[in-house]
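I want to keep a notebook on this structure and put down what I look up, entry by entry.

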Amino acid sequence: MATQLIHGLAVEIDGDGDALLCIHGLGGSSNTWTPLLAALSDFRVIRPDLPGSARSSLLQEPLSIEGYALKLEALLSALGIETVHVVAHSLGTIVAQHLAVRNPSKVKSLALFGPLVAPPDAARPNILARAAIARGGAVAMQEIADAIVKAATSRETKVEQPAVLALVRESVMRQSPEGYAQSCEALAAAQSARIERIGIPTLLVTGDQDGVAPPANVAVMSSRIAGSRQVVFDGCGHWTTFEKPRRCMQELERFHASLC
């Protein structure tokens, strides 16, 4: 289906069935989920670009986790969706957790890739520094993209999957400098949702070389969400859906089958 503009968000909607909302991360877009669509064919898949990311315009107010959640709630309302499954990556996993806590009767399950509850305090100044760099424009965004490719993909991906490196680089480089900067600021200010209140099936997937969502941190997160299941991919960094699409699809199919 062609991209729709709904409440200022560029949204792609495919398929029929139960609604499934995909929330990308920092530097991502609806294409974060393109490699996994074959595993989501039983759902009505809703893939927005978050405000300020990719094809969606900035909001009048500065971006924030709460602002993201409010926009997604408005999107679901506009589409007449009463219950929804959620799949998210990175920054999007923080938004997803807040969405689930805010809407316990609406969100039916969570599948979170590269998940974190909030950035560690030590990382926040670096994220804010990246926002300042991004405002330098296109050349600065290229430098950020190159740094992310180097730091956030696995050793195996660098050697065996050069196309994935190009895809990550292109995803970041295509972001609006101001939109990316504000997205960084939203991430730097993010606080944990009260995830102990999450009582729905939850899948947590990370890579053994994911520096943003290290397996040990995800294990702690899993211990706070009753009944959640953690999966760690070998040879994988933070760009889970690009680096290990087949494994992601397998885990999603297994997870969604368990909901029936």
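**Second pocket.** I looked up which element gives the largest share of the lining of the second largest pocket, and found helix H10 (residues 245-258) with 3 residues. Helices here are DSSP runs of H or I with at least four residues, strands are runs of E with at least two, and both are numbered from the N terminus. I noted that the model is predicted, so local features need pLDDT of at least 70 and side-chain atom pairs count only at pLDDT 80 or more, while totals for chains, interfaces and linings use all residues. Residues are numbered from 1 along each chain as its sequence is written, and side-chain values use heavy atoms, with hydrogens and water left out.

The second largest pocket has a volume of about 220 Å³, a volume being the space filled by probe spheres set on grid points that are joined across faces, edges and corners. A pocket is an open set of points on a 1 Å grid over the protein atoms alone, where a 1.4 Å probe fits, with protein on both sides within 12 Å along at least five of seven lines, and lining residues have an atom within 4 Å of a point. I counted 13 lining residues, of which Asp42, Phe43, His256, Ala257 and Cys260 lie nearest the centre. By class, the lining has 7 nonpolar, 3 polar and 3 charged residues; Ala, Val, Leu, Ile, Met, Phe, Trp, Tyr, Cys and Pro count as nonpolar, Asp, Glu, Lys and Arg as charged, and the others, Gly among them, as polar.

**Largest pocket.** Here I read a volume of about 600 Å³. Of its 27 lining residues, Leu26, Arg130, Ile148, Ala152 and Val212 are the closest to the centre. Helix H3 (124-134) and helix H4 (138-152) each supply at least two residues of this lining, and H4 gives the most, with 6. I sorted the lining into 17 nonpolar, 7 polar and 3 charged residues.

**The sheet.** I followed 8 strands through an open sheet of mixed pairing, in the order E1-E2-E4-E3-E5-E6-E7-E8, where two strands pair if DSSP finds at least two bridges between them. Strand E1 (4-6) and strand E8 (229-233) stand at the edges with a single partner strand each, so one side of each has no neighbour in the sheet.

I then turned to strand E5 (residues 84-89), where 6 of 6 residues are buried, that is, under 20% relative accessible area with a 1.4 Å probe and protein chains only. Val84, Val86 and Ala88 cover one side of E5, and His85, Val87 and His89 the other. E5 pairs in the parallel sense with E3 over 4 bridges and with E6 over 6 bridges. Leu21 stands opposite Val86 in E5, and His85 stands opposite Ser109 in E6.

**Aromatic rings.** How many aromatic pairs does the structure hold? I found 2, with rings of Phe, Tyr and Trp (its six-membered ring) pairing if their centres lie within 6.5 Å, and planes under 30 degrees apart counting as stacked, over 60 as edge-to-face and the rest as tilted. Trp33 and Phe113 are edge-to-face, at 6.3 Å centre to centre and 65° between the planes. Trp33 lies in the loop between strand E3 (18-23) and strand E4 (43-48) and Phe113 in strand E6, so the pair ties together parts 80 residues apart in sequence. The rings of Trp239 and Phe242 have centres 5.8 Å apart and planes at 15°, so this pair is stacked.

Notes. Buried means under 20% relative accessible area, exposed over 50%, partly exposed in between (1.4 Å probe, protein chains only).
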